[in-house]
Protein chains: 8
Amino acid sequence: MNQERIKELLENIRDGKVSVDRALERLRNLPFEDIGVAKLDHHRSLRTGYPEVVYCEGKSIEQIGSIAKVYVERRVNMLLTRAGDEVFRIVRQIEPGAEYNSEARCIWKTYDPLPECERPVVVVAAGTSDIGVAEEACVTAGTMGCRVEKQYDIGIAGIHRLLGVSEIFEKAGAIVVVAGMEGALASVVGGLTSRPVIAVPTSVGYGSAFGGLAALLGMLNTCAPGVAVMNIDNGFGAGYFAAVVCRDSCADK
Amino acid sequence: MNQERIKELLENIRDGKVSVDRALERLRNLPFEDIGVAKLDHHRSLRTGYPEVVYCEGKSIEQIGSIAKVYVERRVNMLLTRAGDEVFRIVRQIEPGAEYNSEARCIWKTYDPLPECERPVVVVAAGTSDIGVAEEACVTAGTMGCRVEKQYDIGIAGIHRLLGVSEIFEKAGAIVVVAGMEGALASVVGGLTSRPVIAVPTSVGYGSAFGGLAALLGMLNTCAPGVAVMNIDNGFGAGYFAAVVCRDSCADK
Amino acid sequence: MNQERIKELLENIRDGKVSVDRALERLRNLPFEDIGVAKLDHHRSLRTGYPEVVYCEGKSIEQIGSIAKVYVERRVNMLLTRAGDEVFRIVRQIEPGAEYNSEARCIWKTYDPLPECERPVVVVAAGTSDIGVAEEACVTAGTMGCRVEKQYDIGIAGIHRLLGVSEIFEKAGAIVVVAGMEGALASVVGGLTSRPVIAVPTSVGYGSAFGGLAALLGMLNTCAPGVAVMNIDNGFGAGYFAAVVCRDSCADK
Amino acid sequence: MNQERIKELLENIRDGKVSVDRALERLRNLPFEDIGVAKLDHHRSLRTGYPEVVYCEGKSIEQIGSIAKVYVERRVNMLLTRAGDEVFRIVRQIEPGAEYNSEARCIWKTYDPLPECERPVVVVAAGTSDIGVAEEACVTAGTMGCRVEKQYDIGIAGIHRLLGVSEIFEKAGAIVVVAGMEGALASVVGGLTSRPVIAVPTSVGYGSAFGGLAALLGMLNTCAPGVAVMNIDNGFGAGYFAAVVCRDSCADK
Amino acid sequence: MNQERIKELLENIRDGKVSVDRALERLRNLPFEDIGVAKLDHHRSLRTGYPEVVYCEGKSIEQIGSIAKVYVERRVNMLLTRAGDEVFRIVRQIEPGAEYNSEARCIWKTYDPLPECERPVVVVAAGTSDIGVAEEACVTAGTMGCRVEKQYDIGIAGIHRLLGVSEIFEKAGAIVVVAGMEGALASVVGGLTSRPVIAVPTSVGYGSAFGGLAALLGMLNTCAPGVAVMNIDNGFGAGYFAAVVCRDSCADK
Amino acid sequence: MNQERIKELLENIRDGKVSVDRALERLRNLPFEDIGVAKLDHHRSLRTGYPEVVYCEGKSIEQIGSIAKVYVERRVNMLLTRAGDEVFRIVRQIEPGAEYNSEARCIWKTYDPLPECERPVVVVAAGTSDIGVAEEACVTAGTMGCRVEKQYDIGIAGIHRLLGVSEIFEKAGAIVVVAGMEGALASVVGGLTSRPVIAVPTSVGYGSAFGGLAALLGMLNTCAPGVAVMNIDNGFGAGYFAAVVCRDSCADK
Amino acid sequence: MNQERIKELLENIRDGKVSVDRALERLRNLPFEDIGVAKLDHHRSLRTGYPEVVYCEGKSIEQIGSIAKVYVERRVNMLLTRAGDEVFRIVRQIEPGAEYNSEARCIWKTYDPLPECERPVVVVAAGTSDIGVAEEACVTAGTMGCRVEKQYDIGIAGIHRLLGVSEIFEKAGAIVVVAGMEGALASVVGGLTSRPVIAVPTSVGYGSAFGGLAALLGMLNTCAPGVAVMNIDNGFGAGYFAAVVCRDSCADK
Amino acid sequence: MNQERIKELLENIRDGKVSVDRALERLRNLPFEDIGVAKLDHHRSLRTGYPEVVYCEGKSIEQIGSIAKVYVERRVNMLLTRAGDEVFRIVRQIEPGAEYNSEARCIWKTYDPLPECERPVVVVAAGTSDIGVAEEACVTAGTMGCRVEKQYDIGIAGIHRLLGVSEIFEKAGAIVVVAGMEGALASVVGGLTSRPVIAVPTSVGYGSAFGGLAALLGMLNTCAPGVAVMNIDNGFGAGYFAAVVCRDSCADK
């Protein structure tokens, strides 16, 4: 529609119906999106190949269903996070090929996969209770074309196990460290590697863990360089950031 | 410069050197500001007549001086907040007509005054220690063309005095209430008037006042409708908001 | 009753039964409300035409019902906020013409509508989850005689869409910005317009959003002037404040 | 029992069976409660006549029942706070004369009433949602022999109503002010009276009320002298403190 | 002035110049203070005999001097808190009989002393560093006619000393407990006595004492009944509240 | 396996197949755990004899069951904390001799008991609601071979009872103090004894107890030396720490 | 003195001057310390041999001097913490043999040393800036007869160095871990040893370290068992607690 | 030394003086660093070529000097952060070629530069007061071989300027966004680009900015994906992380 308006304006210039100065004036006042903002968005989507992401918490099943329908129709890669069983039931009706990871609470469908990265994204989780958040990171990085290596239940209380896998870190494109309680695992991993570490505090813990605040503050104040921090329980954000960084680190980017 | 580029493009269309489709493509990719963003900013400044504001805290005397010089040269109305004596000394050298209110810590020069509002902005301060913040609000509203009526030292511990001036509230274009400690004055004024109240918590107090947090929370949780809140000690913001609202409320806006 | 007492006193003066000094003494000690406080309240209600508001949270169905009954009998405009289906069932029995917006959780009945404002109140919501709070603002402003324009799902992650609607802002009587998470939308809107912005943080988000605290602090610390802040999730307060300001900004106020 | 042991020791001294030095040695090592601690407690209980108080939250029905049984058997005045219907069912079986206030969530039985105070404890509540806490204060003060005058729904948004009852304050032995949200009512009442005010913040409110924190900080930072503060929702504590102070203020103490 | 206006109105009624209805109308609209608010304030001051209090923090020497001058001229009892040496120098020039307690940072002059109370106000301080706040309480209660008994350096780490003075508590009109760090002293004293305890947290401590927050929370959450709390370091408030309560508890009130 | 690799290397040196320098190079690069980390862990387990601990919160019944199965098969002492009835049902199927304390929410099986300590671990709980946490400490210390003496419902509001049992403290190997609300009990016990006190704040309380924060801050800021603090509700941690310390204090360690 | 009074009473019983019932009455009312409390305190001091401790912050030089004088005269072991150069100058005048550690800000004089412990207290500090607090712990443990082994600048960013010294941990009587920023060192050390770890967060760090809060929360939420926590910067408390525990762990206790 | 011990052991095996089993036993107990930990650290330093970093806050001039001397002697690239003029004076004496950026408060010397990256690190700063932190990021990334492009004073209040430079973002290897107050700039930049954004909140602001907390929470809760967060004012950390990521994104890595 707006495209049409601009085209018409340009045709009028060509046809001498509108002077250049007048056209200049008009262009200046056109709302920005009229100059193809949706297209620009599309362009970016095409260039990156990253999936469209739907954060399901706080949305009704109906809202989610209608959003998914659009993506399925356009065959756009999509990733639904914080999605439970009932969401999956709806999405599967729309797209039977949709995949679901119930621990990660993620649903996804990749129509047009990105070439796989050479280097893996390594996802480390401190305890069993942190696995949900870690899996969200894994699924996210996976839908963005990254190979994921998981190292779970490898907290600092048994630091020897951690040292045993430290060689894996150096080969990683990026490392995601998921930990609750005091979150010290991020510091220890950051001290063992020179690869970029994305730390995700989790709300695992009790008492003065204050819903992940202790881990968050711990990670922000790490004495190891090369550690950046995401919001509490934000596995998606960590997986996304790690995938962006990891793709950069590979020859086939 | 960018203007030139667009003009050239349009002339090329006119002259048949560039096809409409091609021109459309190019326009889409032009950075936004190329379509006259500075002008838009300028337009707004001309339309509102509000002064350019310089927040001096964290800026060096040299930085402030060079900014002020530009405004003085262009004869743009200007207001410098959080400015001490040493800033005034510099500004007075550049513009001898600059005015200074040391309690408000504000310096200003109005080359092109706005027409004065019919209704006043009423500024109420709870205690003697709140006056600095209140004065900042007064100066700000004044430089935006508002008449200001001050009601200081009128805390709720002596609520009768407050009731005595409540008629003034109803005539106000907007009311700024400045209070520290528990900040209850905003609720009381809000309960007495149907005019818009802009509440400014101050860092006045000690102990569990926590630098204005008690007053801030008190004002945010007011049970009186028609009260909106600014940051702690943000007299400028309150004066600015009140002036915008007040001008609207007047016939001569 | 009290009126009677005062009248009697004055008649006694007139009739010489009471000396002026003695009458003076007595008047001084009359409780304030005796001098027509209820009337003053009434007067204000008549003058503003704003609805009587009932905040339903923490009140029993019975309490709400009996309050509503009084307003219905007196045909006073009324607005019930934080009201669910079960409240609506009761109110509809009392006043079949009562309206209900379940997203806003608001019930209202306007017997005596205010003249509609010329300028709209624009309500902007960042995400789908913020719509409940935004709708509360819309309903509130609506019952106060304002025309409302809604711009939902227009967060800063897709800033181009926001720029596309920025012209609407300049025509607004007041703008309400509803946003959770980091609440940055208020700053962006505040930077785009010179109209008054009323920012409402919402409890949407997780982890370090801390129930709306992140958005609240973000909005209070905005670098854009002309932004005032309401309590977390206080859609009613924002709609009320916006309506007061908006009515002022219109010729037909 | 312990009394017996001490008595025996003293008799042995009297009878020359134990030397003074040896007795001295023994007395020094007797556990404190052996010297009649229970009695001292008893003595205090007898002297004050205040009821024994059982805080029921976190206790099982069985535990509460067995504690109540002891008091009933000894005919000791008792007060159970934070008690629901199911607790009342048990207590009524043990003592059919027990009384219950479901709003206050209090159960009590007064076997031996204190003489009633001359001056009342005045309990002021800001809003309908604060009534539960206010009633807890009323019941508590009542079981301690105080006459209670209630002034509910008298928030500062309608300050005229408050001024209308301010004469009642001056006659009070003590005033309890119960308020949530911003808690400003305590400051206003404190500014109107020279009688001692006991302020109780409640967890009523939402968003940045933070479960009563806003009201608590507001009350602690009041600019009115003569206001002391209790924990959030601590109606019992306020009623108790008010009763102690009120009894002192009366001739018949 | 206003008195004059009212008197004139009444005289006009008496003289038949103004009808009763018209006079009624006018009276209703008179600002409240016109009906003798200053007098009312005066009346209260006369009735209580409490000193006028000036909180000096955040006021300039000049402001304090001019306030003091008024009180000295009217021979009104006065108390200046948070006052240093330089304030005392000024006040002494105005009133050579002014007294000064540098630990308490209080200056006062009592022209018209209240009759001394029978029961003392007992002020307990946990540690040496709490003495400044404790002294502020002592001076305040003293200027309000109370006899003060001090028990300093009597923290719970040496609980035996505390038990040794517990008899003093029972004779007190009110007990002020001043403590920093964990503030547990208030709970211990509250557990030992049935007299009203006013707890004052101090900012003494380090680390997680958080400027008195630990002590404040400790005192608010005391498990001992009969303890009310003041703001951090608010010795004045405690002394004032204690004096009000103490006077009530005495025969000569 | 790794052992084998190292052995092979050493045999190659012995047999002259690998030079010393080359072997040195290889050894340097062996991952740490290859040098018997599992064994080291095992060694420690054998040396201390402490049970393996499973924190059940956030783990599925299946996960807990499979962990327990391993320990039962290896006959390793085990302790499951934060375990409810449904966990016990599973564990009892695997090991019918497993014990369960439902107040402590702990399940344990001791195949190879440690010799009992001479000195007891004394566990003091302030109120009835603190008993769950206290029992967790008791069970933990018990499974680590400590005799436990319980002193419950001994809060500071009745300090005489506390003094009566203070002799028990001096005989303790370590003292665990469990308290919610203001947590002052830890300070009082710390002031009465020279034995090490491990303080556990609990989430018992309401309002400004903030889920145990008040007690936590109180305990951290205790003025009594010899008090160390655990996380809120961490009965296990306290029992574990106390047992380690207590065993040290005994002749039979 | 009080001893005398009790003795006299007992002699009067013996001599028949006072009846048993009357004596019983009197004994019950004797203040507690009359039964030899000072002696009890003395006894404890003699039994433990720990120094008397003076916390100098917030005390005047005069106050500290007069306290020190008493200890010097009685030749009581003493330790002054948070003491600067000017305090040392005074103390050296009173006791020329006083020792001073300026990093620890501690002054001490040991007249009567405790026998040295077999096992050391190991004090680990994460960074150079934590050394002041660590030294305070070292001095404190030293004055209580413990041998101290220091391991400084051994943060987790270089975890290999930490592993290199882990054998030292196992020989320790107790381990003090001093760390700021995220405080993860305590978790790592706790994971490496089965000896008791006393963790001291420090106020080292910036931004969201919030004066030691990040480290404090990190340590409280450690996933390693056997770690107890002290207040921020409380090196004294850690040294004291470690020494008590360490003495217990040694044969020569 | 340790190397020698291991070599000796291996030679003994070779020479048949020690059996393989015995050697195995010994190797297992060697402290980890004995197997060349320092070398490993060295290896990493050689591999990455990143400078050794000294955080100067809390270190004495002497300590800093002696650390710098070691690096200068070994000709190791070094970077000193949070360093003022007086530190530079010392370092320049040791290494006259050291460079100094006083706004960044950074000193550095690069003996062995890394090859320059193809893509730049783009550093965006919201306001003038954020420049110090931004410069620290620039210097850090620069010493790690990255080309830096600066975009300062480009806050969201003038969003058009930001849009004008958005093309630069897409070419960046990584983007550092430095902002105080509400920190919304990170969200806006994150919404404009698909490149990785590293957000640094600054302590710039007042009132409820709470030393950078508002900006920190805002950035953590950003609704834009691809944004990771550093500690408040941690320009170094952001520059370091950006450089690691940026090098990965370049062909010449």
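Residues are numbered from 1 along each chain as its sequence is written, while chains are lettered from A in the order in which they are written. In this predicted model local features need pLDDT of at least 70, side-chain atom pairs count only at pLDDT 80 or more, and totals for chains, interfaces and linings use all residues, with side-chain values resting on heavy atoms and leaving out hydrogens and water.

Me: How many residues does chain A bring to its contact with chain H, and which element of chain A gives the largest share of that side?
Reply: Counting as contact any heavy atoms within 4.5 Å, the meeting of the two chains takes 33 residues from chain A and 33 residues from chain H. Several elements of chain A supply at least two residues each, among them helix 3 (37-48) and helix 10 (213-220), where helices are DSSP runs of H or I with at least four residues, numbered from the N terminus. The largest share, six residues, comes from helix 11 of chain A.

Me: Which residue of chain H forms a salt bridge with A:Asp248?
Reply: A salt bridge here is a side-chain nitrogen of Lys or Arg within 4 Å of a carboxyl oxygen of Asp or Glu, and the count between chain A and chain H is two. In the one formed by A:Asp248, the closest N and O atoms are 2.4 Å apart, and the partner is H:Arg195.

Me: Are G:Glu136 and G:Arg82, which meet in a salt bridge, buried or exposed?
Reply: The side chains of G:Glu136 and G:Arg82 come together at 3.5 Å, N to O, and the pair ties together parts that are 54 residues apart in sequence, because G:Glu136 lies in helix 6 (residues 131-143) and G:Arg82 in the loop between strand 2 (78-81) and helix 5 (85-94) of chain G. Relative accessible area under 20% means buried, over 50% exposed and in between partly exposed (1.4 Å probe, protein chains only). With 4% for G:Glu136 and 14% for G:Arg82, both residues are buried.
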